[in-house]
Amino acid sequence: MSVAEDSAIEQSLRDFLAAAGVTLVTETPADAVIVLISESAAGDPEWKAQVERQHGVRLVPMRIDGVSSRRAPAKLRPVNWVNLDPTAPVTAFGTVLAAVLSDPEYVRALRNLRAEAEAWLRGNQSADGLIGDHGRASKARELLNVLREDRYIDSSGPVNEFVEASYRHTQKARTWRRRRRVAGTAFVVAMAIIVAMAVSRVLSSKGTQFNALVTYGDPASAREMPSWTSLQSARLLLSGNASQKALARQTLASLLSVPWSLGGPVTALDADDRGTLDGLALLPGGRRVAVLVRDASNGAHSVGLYDIREGKVLWLVRLGAGYADVSAGADGRTVVAVGRKGTAVVDLDSRKVRWLKHAESGYAVSRVTANDAIVVGRRNQLVVGSLDGGGFRTVGTRYDSLLSLERSTDGGARALVALSPGRYRLLDALTGKVLAQADVDTPLVPAGAVGPDRVYAVFAGADRQLWQMRPGRPPAPTGIATPERTAPIGLLGGGRVVVGGKDQRARVVRLADGSDLGVVCRDVPQLTHLVLPASGDLLGCFGAHNTTLWQAPAGPRSATAADSLHGEDRTGNATASVRGDGGSITVEPSRRAPFTMRLFGTDVTAVRLSDDGSQLVAASTSGDVAVVSLRMSDDVPRVVARWKIPGGGPVAAVGWSATAPLVQGQRGEVWTAPACPGCTTDEGLVARLRERLTGCWSERQLTEVDDDTRRTLGIRACRALPAPVED
């Protein structure tokens with residue numbers, strides 16, 4: 001924010017920040033606003049008014065000449081200033097960069113609060129729009145206090161009003177200890193991208209040094225690449241010395257409950273390979289997917305079948321050039337590809353291709369409904385045909401852009417289109433009928449998705465939060481913030497939305513309350529789009545450099561009589577008795593000495609042993625959950641899973657369903673917590689890892705993995721694509 005006289009300095013600062021990877025926007029709201037203060041600016045009434053209008057945003061003032069602080073707008077006087085030395089401008093520019101990027105977790109949290117506050121105001125400040133959990137309201141209140149202390153932000157206005165109203169509404173007295181991350185300026189997203197893209201290089205170049213990374217502790221790197229780290233840990237568990245084995249057990253115990261990628265089709269092993277994955281279709285059962293592969297040397301496309309566990313493309317059938325997408329029938333027996341040569345209907349059992357006359361020479365996505373209708377989404381028009389006889393025809397009016405086209409669980413298909421920027425329509429894709437509409441302010445980036453199990457859609461609003469549209473209702477804000485550079489949005493069954501961006505990882509969030517269910521597509525830098533299921537949790541993540549498959553985290557369910565939930569802080573059976581003691585548990589096994597484990601920073605509210613007594617699940621007043629393995633090969637009990645109930649709040653009860661730990665929240669909902677079944681012995685750890693390792697590995701990645709480890713874990717080396725057969 002500057003005046004015309006300071007435009008040269010503004011441009012230099014912009015160039016510096018852009019080179020450092022900061023996303024610059026001209027529209028508001030933004031995460032931070034850099035204010036250039038000068039004699040010229042202080043005398044400009046319009047500039048002053050513009051500064052005073054900034055609410056709920058990080059302000060970073062930079063003084064570029066000798067202007068007195070008394071001449072600055074009142075809003076800037078209590079805020080830390082950066083002073084520009086014309087002889088060394090980079091020093092001031094670097095300070096501005098640090099101010100903008102410091103505490104990125106706080107900035108994201110404030111963005112979410114801002115979106116929720118806007119939704120609350122639009123809902124006439126109804127109590128239903130407030131934060132319902134006192135723990136979360138307390139954290140939000142403390143966050144604003146932290147930001148005020150940092151003096152880089154004005155947290156007054158609607159956000160402060162919303163948080164204070166939420167805090168009063170919850171009517172409980174709790175405290176939250178502020179935890180500051182001890183780190184310098186952290187380029188969180190950039191580092192994630194670097195790690196994801198450099199995994200192969202790390203594994204091939206570090207060799208035994210990577211063993212130290214695995215066993216002697218780099219938890220951040222381990223969490224970034226859990227499958228790679230687990231593989232190396234297993235190698236040391238199988239053949240290392242006693243010290244390495246002990247630490248490898250700990251690494252495996254901490255990672256085998258963490259969600260990670262199922263891998264994805266490898267279409268090019270080296271520079272000589274020219275395969276490119278252009279499309280992917282999810283098949284029922286979650287064991288195989290159909291793929292559309294392009295030979296970059298001649299542009300020819302082939303349809304094939306990929307086995308997720310084996311990590312290989314089983315076969316390919318050549319179609320010809322000019323295909324952009326592939327879609328599977330509801331029964332998973334056929335796939336359809338629409339392109340320049342015509343519409344190919346491929347039988348996955350016989351690998352035979354049946355051709356329909358309809359062709360598309362431009363952009364086109366396709367979906368096949370349960371009633372065997374083929375819906376083609378052109379860039380500006382919907383086309384509908386049939387698997388039986390074709391009969392393709394256009395439906396509905398033309399639109400400016402297609403945001404989402406998905407098969408629905410009711411046997412049809414729905415599409416979200418934009419007639420023009422900000423004018424959204426939810427369509428019945430088979431008829432073109434308008435089911436719901438929204439005419440709103442033009443967003444920074446158009447993005448949206450249709451629901452698979454209900455008639456609704458979501459889209460990214462101009463205020464950088466998700467909006468929901470339903471038949472017969474006006475569009476409504478959800479309070480769920482979207483990343484600044486929003487790219488993919490996807491809706492899953494049960495009211496779960498996947499929100500991602502080019503500057504932020506994709507996360508699965510509950511629409512009902514905005515609670516964060518977890519990260520997906522972690523190993524896909526620069527995520528571009530998602531492949532979504534009509535039902536189930538398997539999804540595909542397409543990026544600029546790779547494509548992988550993920551299981552989306554599930555939401556809660558209602559409690560049943562079979563859940564056998566336990567709401568007390570003590571439990572026992574024939575093998576042991578356990579009781580809570582503050583944030584610790586004391587375990588008294590039947591055949592060994594008692595011991596105590598510190599699990600939480602808050603009091604234990606519920607604890608339950610598994611049926612065989614080998615593991616226990618415990619929960620706390622803060623909503624934290626721990627699963628502990630009481631029997632290990634070295635007789636050292638270990639925490640094998642940590643989790644926090646989405647949305648926060650104390651846990652009411654815990655229990656077990658076979659080997660799955662159950663957690664019940666205060667509102668009665670039941671969650672299945674992450675677990676590590678069988679992780680009570682070295683053999684159990686290895687068996688669990690073998691089960692979780694899907695896909696293939698390049699020979700370079702396996703340089704430090706011996707043949708015995710490969711055989712024990714069932715490791716599969718990647719192989720070249722099979723030669724396509726002619727139709």
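The structure holds three disulfides, a disulfide being defined here as a pair of cysteine sulfur atoms within 2.5 Å. In general terms, a disulfide is a covalent bond between the sulfur atoms of two cysteines. The model is a predicted one, in which local features need pLDDT of at least 70 and side-chain atom pairs count only at pLDDT 80 or more, while totals for chains, interfaces and linings use all residues. Residues are numbered from 1 along each chain as its sequence is written, and side-chain values use heavy atoms, with hydrogens and water left out. When the bonded cysteines of the protein chain are numbered in sequence order, they pair as 1-2, 3-4, 5-6.

One of the disulfides is formed by Cys521 and Cys541, whose sulfur atoms lie 2.0 Å apart. This pair links distant parts of the chain, 20 residues apart: Cys521 is in the loop between strand 28 and strand 29, and Cys541 is in strand 30 (residues 538-543). Helices (H or I, at least four residues) and strands (E, at least two) are DSSP runs, numbered from the N terminus. Because the torsion about the S-S bond of Cys521 and Cys541 is about -65°, this disulfide is left-handed. Cys521 has a relative accessibility of 4% and therefore counts as buried; Cys541, at 0%, is buried as well. Buried means under 20% relative accessible area, exposed over 50%, and partly exposed in between (1.4 Å probe, protein chains only).

The loop between strand 28 (516-520) and strand 29 (527-531) also contains Gln526. Gln526 counts as partly exposed because its relative accessibility is 37%. Leaving aside residues up to four places away in sequence, Gln526 touches Gly543, Ala544 and His545, where contact means heavy atoms within 4.5 Å. The C-alpha atoms of Gln526 and Phe542 are separated by 8.7 Å, with the two residues 16 apart along the chain.

A further disulfide is that of Cys676 and Cys679, with sulfur atoms 1.7 Å apart. The link is left-handed, with -55° about the S-S bond, and both of these cysteines are buried.

Cys696 is joined to Cys718 by a disulfide with an S to S distance of 2.0 Å. The pair links distant parts of the chain, 22 residues apart: Cys696 is in the loop between helix 13 (682-692) and helix 14 (707-713), and Cys718 is in the loop between helix 14 and strand 43 (725-726). With 90° about the S-S bond, this link is right-handed. Cys696 is buried because its relative accessible area is 17%, and Cys718 counts as buried at 9%.
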